[in-house]
Amino acid sequence: MRVITQHTFGGPEVLTIVDVPEPQPQPGEVVVRVKAIGLNPLEARLRAGEFPLIGQPPFILGWDISGVVEEAPQTWRFRRGDEVFGMPLFPRAASAYAEVVSVPAFHLARKPALLTHVEASALPVVGLTAWQGLVDLGGVSEGDRVLVHGGGGGVGHVAIQIAKAFGAHVIATASGSKRTFVEGFGADEIIDYTAVDFTEAVRDVDIVLDTIGGDTVERSLDVLRPGGHLVTAVAEEDSELIAKFEAAGMRFSGIAVDPDPVGLRGLVDLVDQGRLRVHVQETFPFERVADAHRLLGGGHLQGKLVLTV
């Protein structure tokens, strides 16, 4: 089988396709013939060596997959031929830039019938980040006012839909060029951050979901209601920020997404109800992974990029 590996840190050109033996399943694992691989901005940073999440090269990147089960020898969860998707093993290496993977069955779910493999592969990381941030940590409920920073991005456009599905009033920040895109996912209000200071445009927010980082995190303190909760997907737990938010009567949480079969099933339910879709900006064949990474590392994406296998 073919995999995409790298032997050194660097630009997209370090990604190389090589042939390796197919993996053998460990107890509790299933072997999946991969049909599509969702790409995430984190992977461009790991490729470049910006931080050592999965150690030193050589390694194989990737987590988001959708495909077909080929072997399920020691699990009742799936059978050969089942279509599945998920985000196995994160933050450990799942080596998902591959034609075949062997991963824990517990980290997968059946692919929603309404999604293609391309669409399903684009959903797990962004969907689970938004779900865990808004539902598990934020406790979003009907009538809440939710502010999503980066509403046009991968996490952001899914977060808007999840919050709306739970009955929230959703405000999203996005550039003016993404306004129509973000409106299409149901945001009630859109703030063009290139033209308007969001701290002057919104007040009394129950939950802020941040996908931007930087000073956006601390400035969001000004828009939360007393007892409100900021959840950031890009800033680590910061003791000073936590103290500052708590002193103001608010909560601060940093989230690092992890495999979550309950959350995956929640996403599947929303897809089946027609209340959640994922936008794929562009697909690339497996052989053009370097081109995909050039676009991935440039930022300002609308939704997700996907490799087809």
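The model is predicted, so local features need pLDDT of at least 70 and side-chain atom pairs count only at pLDDT 80 or more, while totals for chains, interfaces and linings use all residues. Residues are numbered from 1 along each chain as its sequence is written, and side-chain values use heavy atoms, with hydrogens and water left out.

Empty space comes first. Rolling a probe the size of a water molecule over the atoms shows where empty space is left. A pocket here is an open set of points on a 1 Å grid over the protein atoms alone, where a 1.4 Å probe fits, with protein on both sides within 12 Å along at least five of seven lines; its lining residues have an atom within 4 Å of a point. A volume is the space filled by probe spheres set on the points, which are joined across faces, edges and corners.

The largest pocket holds about 1600 Å³ of space. It is lined by 50 residues, and P41, L42, T211, A233 and V234 are the closest to its centre. Helices (DSSP runs of H or I, at least four residues) and strands (E, at least two) are numbered from the N terminus. At least two lining residues come from each of α1 (41-48), α3 (124-137), α4 (154-165), β9 (169-174) and β15 (304-308). The most come from α1, which gives five residues. Sorted by class, the lining has 25 nonpolar, 18 polar and seven charged residues. Nonpolar covers Ala, Val, Leu, Ile, Met, Phe, Trp, Tyr, Cys and Pro, charged covers Asp, Glu, Lys and Arg, and polar covers the others, Gly among them.

The second largest pocket has about 170 Å³ of space. Its lining includes W76, R77, F78, P261 and R265. Both β7 (108-110) and α9 (261-272) supply at least two residues of this lining. Here the classes are seven nonpolar, no polar and three charged residues.

Next come the aromatic rings. A pair of aromatic rings is described by the distance of the centres and the angle of the planes. Rings of Phe, Tyr and Trp (its six-membered ring) pair if their centres lie within 6.5 Å; planes under 30 degrees apart count as stacked, over 60 as edge-to-face and the rest as tilted. The whole structure has five aromatic pairs. In one of them, F181 and F185 have ring centres 4.9 Å apart and planes at 75 degrees, so this pair is edge-to-face. For F245 and F252 the centres are 5.4 Å apart and the planes at 55 degrees, so that pair is tilted.

Both F181 and F185 are buried; the term means under 20% relative accessible area, with exposed over 50% and partly exposed in between (1.4 Å probe, protein chains only). F245, at 0% relative accessibility, is buried, and F252 is buried at 7%.

H157 lies in helix α4 and is buried, with a relative accessible area of 0%. Apart from neighbours within four places in sequence, H157 is in contact (heavy atoms within 4.5 Å) with residues including F181, F185 and H279.

L39 sits in strand β3 (residues 29-39), where it is buried at 1% relative accessible area. The C-alpha atoms of L39 and V289 are separated by 9.7 Å, though the two are 250 residues apart along the chain.

G213 is in the loop between β11 (205-210) and α7 (215-219). G213 is buried, with a relative accessible area of 8%.
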